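Please open the structure shown below in a viewer and keep a selection panel at hand. The stops that follow are arranged so that each selection leads on to the next.

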Amino acid sequence: MKDVERLSNKLTVYFDDPFWVGVFERIDNGKLSVAKVTFGAEPKDYEVQEFVDRYYYQLKFSPTVDAEIKESKKNPKRLQRDAKKTVLEKGIGTKSQQALKLQQEENKMERKVKSREQKEAEALRLFELKQQKKKEKHKGH
């Protein structure tokens, strides 16, 4: 029998002083990736829905990490209570934190590479400027 492709999405909105933050968790075939969004002021339900509708496909998700998928059908009210309990206990899950950390490290490396390239380009520009000034100075003699 062929394996069934599994896709699961979850959004957790919580208060991380001084802002409200949303963490999108996406599990695709046992691989978890996350994206973090800062809302600022406490978003209303309809504002969160509008954000998801408008910007979900533009979110930059983290690299994937392994995640186990739990099979269960729960009562919606039970899910709501569990979500509230989870947020009160620890905020976002540790797997999500790992994925976010991975994304932060990736962004950090990209920034380092860009800034190094900019520094090298600036140094080269200054060097060429000095060389040009030397040539002009020697032409005058």
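The model is a predicted one. Begin by selecting the four strands, which form an open sheet in the order E1-E2-E3-E4 with antiparallel pairing. Colour strand E1 (7-16) and strand E4 (65-66) separately: these stand at the edges, each with a single partner strand, so one side of each has no neighbour in the sheet. Strands of a sheet pair through backbone hydrogen bonds, either parallel or antiparallel.

**From E1 to E2.** A hairpin joins the two strands through two residues, and 10 bridges link them in antiparallel fashion. For one point of reference, select Asn9, whose bridge partner in E2 is Arg26.

**From E2 to E3.** Move across to the pairing of E2 with E3, which is antiparallel and comprises nine bridges. Here Val23 may be selected together with Lys36, its bridge partner in E3.

**A residue in E3.** Remain on strand E3 and select Ser33, which lies within it. Is Ser33 buried or exposed? Its relative accessibility is 4%, and because buried means under 20%, Ser33 counts as buried. Leaving aside residues up to four places away in sequence, Ser33 touches Phe24, Glu25 and Arg26, as well as Phe61, Ser62, Pro63 and Thr64.

**The nonpolar cores.** Now show side chains for Tyr14, Val21, Val23, Ile27, Leu32, Val34, Val65, Ala99 and Leu100, the nine residues of the largest nonpolar core. Strand E2 (19-28), strand E3 (31-40) and helix H3 (94-140) are the elements that give two or more residues to this core. E2 provides the largest share, with three residues. Another core, of seven residues, lies apart from this one; Val37, Phe51, Tyr56 and Leu59 are among its members. In soluble globular proteins, nonpolar side chains tend to be buried together.

**A pocket.** Finally, turn to the second largest pocket by selecting Leu11, Val13, Trp20, Glu42, Pro43, Asp45 and Val48, which line it. The space in this pocket amounts to about 220 Å³. Which elements give two or more residues to its lining? They are E1 and helix H1 (45-55). Colouring the lining by residue class will show five nonpolar and two charged residues, with no polar ones.

How values were computed. Residues are numbered from 1 along each chain as its sequence is written. This is a predicted model: local features need pLDDT of at least 70, side-chain atom pairs count only at pLDDT 80 or more; totals for chains, interfaces and linings use all residues. Side-chain values use heavy atoms; hydrogens and water are left out. A nonpolar core is a set of buried Ala, Val, Leu, Ile, Met, Phe, Trp, Tyr and Cys residues joined through side-chain atoms within 4.5 Å. Buried means under 20% relative accessible area, exposed over 50%, partly exposed in between (1.4 Å probe, protein chains only). Contact means heavy atoms within 4.5 Å. Two strands pair if DSSP finds at least two bridges between them. On a 1 Å grid over the protein atoms alone, a cavity is a set of points where a 1.4 Å probe fits but cannot get out, and a pocket is an open set with protein on both sides within 12 Å along at least five of seven lines; lining residues have an atom within 4 Å of a point. Grid points are joined across faces, edges and corners, and a volume is the space filled by probe spheres set on the points. Ala, Val, Leu, Ile, Met, Phe, Trp, Tyr, Cys and Pro count as nonpolar, Asp, Glu, Lys and Arg as charged, and the others, Gly among them, as polar.
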